[in-house]
Structures are given as C-alpha cells and as structure tokens.
Amino acid sequence: MTQSQHTPLAIVFALGFTMMLGPFAIDTYLPAFPDIAAAMGVEINVVSLSISVYMVAIALGQLVGGALSDRFGRRRVLVTGLLLFAGASFFLSRAQSIESLLLGRAVQALGGGFTAVSIPALVRDRVKGLQAAKLFSMIGLVAIVAPAIAPSIGTLLLRLGDWGVIFVFLGVYALLLLPLLTVTVFKGPRRPPAGPGGISMVARYVGVLRERRALPHIGWQAAGFGGLIIFVTWSAFIYQVHYEQSRDAFALLFACNIVAMFCCNLLNRVLLNRLPSLQILRGATVAQAAAAVWLLGVALLDGPVFAFLPGMMLYAGALGAISPNNQAGFLEYFPGSSGSAAALMGTATFSLGGIASGLSTLLPQTLTAVTLCMFACSMVSLGFMALRGTRSHAMA
C-alpha cells in the first residue's frame, strides 16, 4: 500500500468489514448468555468471564501480531489471524463446559488480535495526520454496523438452532474475509515487510514507549473503551434482568447505543473539516464524562430504562469520536513502526478493558455498581486528557 490522500471505497469497506469481526465476536452471543449459562450449569456472571478472557487474549494477540506485521508484512499476519479465529470459532460451537468455552475464546481472541492490529497499521501505511483521522472515521462508519446488528443476528440464529450456531457464523464470516481482502487491500504484487528486519520485537516496543509525548493517548483510549466494555459485559443483566426486558427488546436497546456511535462518527467526519482533531477529541471526552454522571444519577434514583437509555447512548456515542481521533494522534508519532505502535495501544486498551470487565463481575449485581465503574473510567479519561496538556501536535 502506498501513501495516498485518496483511498478507494472498496478498500474502506474491506477494512471496515474486517474491523466488524471484533464487535461480532463480542456482541453476537450476548443474547445467548442465559442459554449458555443453563447449558453449562453456571451463573450468568460466570459466562460473562468469557468476555474478559477474550479482551485479555486479544491484547496479547495484538502485542505479538503488531511487531510481526512490521517484520513480516501485514498480509501474513492478517491471514494467519483470520484462520486462527475461524478454527477457534468452530471449536467453540461444540464446547460443552465453561472451561472449554473460556479456552476457545482465548484462542479465538489471539486470532482476533492479529486481525485487529493490522487495520490501524494498514491505515498508517497509506495516509497520515488529518487524513488518517478521516480514514479511521470512514472505516468506523462501516464497522460500527456490526455491534448494532450483532445482538439481532444472535437472536435470529438462536431461533434457527442452539447457541453453537452463533460461533459457526463467526467462523464462516472470518473465512469469507480472506477472498475479500485478497481482491481489495492486497490486490497486486506482494510488498516487502514494512520495517527493517534487524530490529527485534522488544526493541520496537521500547522505541514506542520512549516517545513520552504519545503515551497519554494510550491511557486515554484504554479508559474510554474500558467504560464501554464494562457496560457490554453487564448489558444482558442491565436490560434483561434489572429492567426486565425481553430478548428482542434487549437487541433493540443495545442497537440504540450503536446508532449513537454512528451519528457521532459521522459528525466527527464533518467537524474534521472545521476543527483540529485534538479539539474534537477533548470535546467528546468531556461529553462522555457528562453522560457517566447522568447514568450514575439514574442508577442512584432507580430511574426507568428510558431515562437510562439516552445517557448510555451519549456515553457510547462519544467513543465514535474519541477512538478515531485518538488513534490518529497517537500513530502520527510513529511513521516507521505503526504496526508495533498500534499493537501497544491495542494491547493496553483490550487488556485493561478486559481486566476492568473481569473485576466488575466481582461487584454486587446492581446497576449502581456498574455505573459507578463506568463513571470511574470517564474520570480517568479526563485525567489523561489533562496529562496530554495543551500542546497541539500537528495532524494534517
């Protein structure tokens, strides 16, 4: 892929569909949590640990995959990740115990990590600065469809068979991405590895960590994402248990958050033509913090679901502007090692999110406890925003 200010729509859609794999892996099986818990004889919060395991393992996959993509090229790492993800998905479709479920999710996430880390690296290979922020936003507009429709797909698949069918769907989807990427992103002759081969994996990551100006972006991304993944972990409890909504209603309520992310992502695209990326990032972070305050207030006052929903939509929607601008700002510091840099950010984001998600399952099963955790994450985001300071790094 060569540096260009224009990216063909075919590539945008191919990268977007590839990014959809992550949300599909997390959100499609959410409606099946009660069924999985009943089949395996465990509580629903134990099944929720499969999300935490996935988050931690995908972080490891990104850490390894990012450096490998700088060393051996994006194509090999991306294809390996998709094949690993598909194989683990087919294994999961036949899992009969919570131990096999957690093991399968860990292997599936390793493949997902190889896949996920390749996307920002491919973007940084093609464009930089403001153009990178716009391209991230465009890809996000495609990929954001996945979490909106994933619970509905899961609900539909449960009508066709048991919960194992959901994992068969995930495996088939991963395999179908291979020919799509071949005729779009990787069309043409193979390119040599992106970086010099003599640099070790450890040296690449040490080089990224030495760029202290970029480090606040990692914590900023991890905190914003962590609050959202805590909600995802508890979403079945919040809507189906606390608010006593049906499975179909749960899918619709969950989709409202994704509609908000889509709208914020679209608004971000418009604002990037008028405002600096860093300014938009700060505004979205403040908006997410305000939403966290609202959600905590609803929980403390035992408000109804339709009071909870708008605050949750703003909280989730803000991430549609936080993520692309933060990624672009961070990767701008690493033109020669974007794979390793993207891996480090992804590893921190998913591992810390997974740890937060896992620890949250130890809390009392109350809406107040969940929203308090989300509020804490938003305060951490504000802290990293302040640490980033007022110095603006050019993004053009």
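**Ground rules.** Before anything else I needed a word for how covered a residue is: buried means under 20% relative accessible area, exposed means over 50%, and partly exposed is in between (1.4 Å probe, protein chains only). The areas themselves come from the Shrake-Rupley method with a 1.4 Å probe, and for residues only the protein chains shown count as cover. I'm looking at a predicted model, where local features need pLDDT of at least 70, side-chain atom pairs count only at pLDDT 80 or more, and totals for chains, interfaces and linings use all residues. Residues are numbered from 1 along each chain as its sequence is written, and side-chain values use heavy atoms, with hydrogens and water left out.

**Entry 1: salt bridges.** Side chains of opposite charge can pair when their charged atoms come close. I counted a salt bridge when a side-chain nitrogen of Lys or Arg sits within 4 Å of a carboxyl oxygen of Asp or Glu. How many salt bridges does a search of the whole structure find? It finds 2.

One of them joins the side chains of R159 and D248, at 2.9 Å from N to O. R159 is in helix α9 (residues 145-160) and D248 is in helix α13 (residues 247-271), so this pair ties together parts that are 89 residues apart in sequence. For helices I used DSSP runs (H or I, at least four residues; strands are E, at least two), numbered from the N terminus. R159 counts as exposed because its relative accessibility is 59%. D248 has 38%, so I wrote it down as partly exposed.

R213 makes a salt bridge with E211, and their closest N and O atoms are 2.8 Å apart. Is E211 buried or exposed? E211 is buried, because its relative accessible area is 18%. R213 is partly exposed at 43%.

**Entry 2: a lysine under cover.** I looked up K134 next, which is found in helix α8 (residues 129-143). K134 is buried, since its relative accessible area is 16%. Which residues does K134 touch, not counting residues up to four places away in sequence? They are R269, L272 and N273, where contact means heavy atoms within 4.5 Å. I also checked K134 against H242: they are 108 residues apart along the chain, and their C-alpha atoms are separated by 39 Å.

**Entry 3: aromatic rings.** A pair of aromatic rings is described by the distance of the centres and the angle of the planes. Rings of Phe, Tyr and Trp (its six-membered ring) pair if their centres lie within 6.5 Å; planes under 30 degrees apart count as stacked, over 60 as edge-to-face and the rest as tilted. By this rule I get 16 aromatic pairs. F169 and Y173 are a tilted one, with 6.3 Å centre to centre and 40 degrees between the planes. Both lie in helix α10, 4 residues apart, about one turn of the helix. F169 is partly exposed at 23%, whereas Y173 is buried at 15%.

I noted Y333 and F334 as well, a tilted pair with 6.4 Å between centres and 55 degrees between planes. Y333 is buried at 12%, and F334 is buried at 5%.

Ring pairs also link F231, Y239, Y243, F250, F254 and F308 into a cluster.

**Entry 4: the nonpolar core.** A nonpolar core here is a set of buried Ala, Val, Leu, Ile, Met, Phe, Trp, Tyr and Cys residues joined through side-chain atoms within 4.5 Å. The largest one has 118 residues, and F231, I238, Y239, F308, M312 and F330 touch the most other members. Which helix gives the most to this core? Helix α15 (residues 305-331) does, with 14 residues. Leaving out residues up to four places away in sequence, F308 has contacts that include F231, I238, Y239, Y243 and L295.

Entry 5: Patches are made of residues with over 30% relative accessible area and no salt bridge; like charges are joined within 9 Å, and nonpolar side chains (Val, Leu, Ile, Met, Phe, Trp, Tyr) within 5 Å. V79, L83, F90, V168, V172, L175 and L176 make a nonpolar surface patch of about 540 Å². Helices α6 (74-92) and α10 (164-183) each supply at least two of its residues. The largest share, 4 residues, comes from α10. V172 is found in α10, and it counts as partly exposed because its relative accessibility is 39%.
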